[in-house]
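Thanks for asking me to look this one over with you. Here are my notes, written for someone meeting the structure for the first time.

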Amino acid sequence: MASSVQPFSQATLGGITVATSTSTSVTAFDSNNSSQVAVSNLGTDAVHVSFGGSTKTATAADYIVFGGSQVILSKDREATHVALIATAATPSIHVIAGKGA
């Protein structure tokens, strides 16, 4: 039996927009116990992203979100923070939890 793909539905509690830099940073967001997250890169430079707790760091080995793109990523439901590091400049990233993909 084939599985169906559900469109992404954002959590009712909203998202955050974070300015990134070339140093790793970690920011809390309302994960709403969701297992998917929409990540939108509002800038032109790529950003690496990772999810976890308050001590999580991002590195160049983490998932890359290219400038001007949006991806839906899966995460552990317990992850309450997003770690980000830009490849250059300071692009802003919008992060919102939800479900579907």
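The points below go from the whole chain to one residue.

1. A word on the source: this is a predicted model, in which local features need pLDDT of at least 70 and side-chain atom pairs count only at pLDDT 80 or more, while totals for chains, interfaces and linings use all residues. Residues are numbered from 1 along each chain as its sequence is written, and side-chain values use heavy atoms, with hydrogens and water left out.

2. You will find nine strands and zero helices in the chain. Strands here are DSSP runs of E with at least two residues, and helices are runs of H or I with at least four, numbered from the N terminus.

3. On overall dimensions, the C-alpha trace spans about 45 × 25 × 25 Å along its principal axes. Of the 101 residues, 40% count as buried, meaning under 20% relative accessible area with a 1.4 Å probe, protein chains only.

4. Now to His81, which sits in strand 8 (residues 81-86). Is His81 buried or exposed? His81 is buried, because its relative accessible area is 15%.

5. Who are its neighbours? Leaving aside residues up to four places away in sequence, His81 touches Val26, Thr27, Ala28, Phe29, Ser50, Phe51, Gly52, Gly53 and Ser54. The side chain of His81 also makes a polar contact with the side chain of Thr80, at 2.8 Å. Such a contact is a pair of N or O atoms within 3.5 Å, where, within protein, one must be able to donate a hydrogen and the other to accept it, and residues adjacent in sequence count only if both atoms are side-chain atoms.

How values were computed
Buried < 20%, exposed > 50% of the residue type's maximum accessible area, 1.4 Å probe, protein only. Contact = heavy atoms within 4.5 Å.
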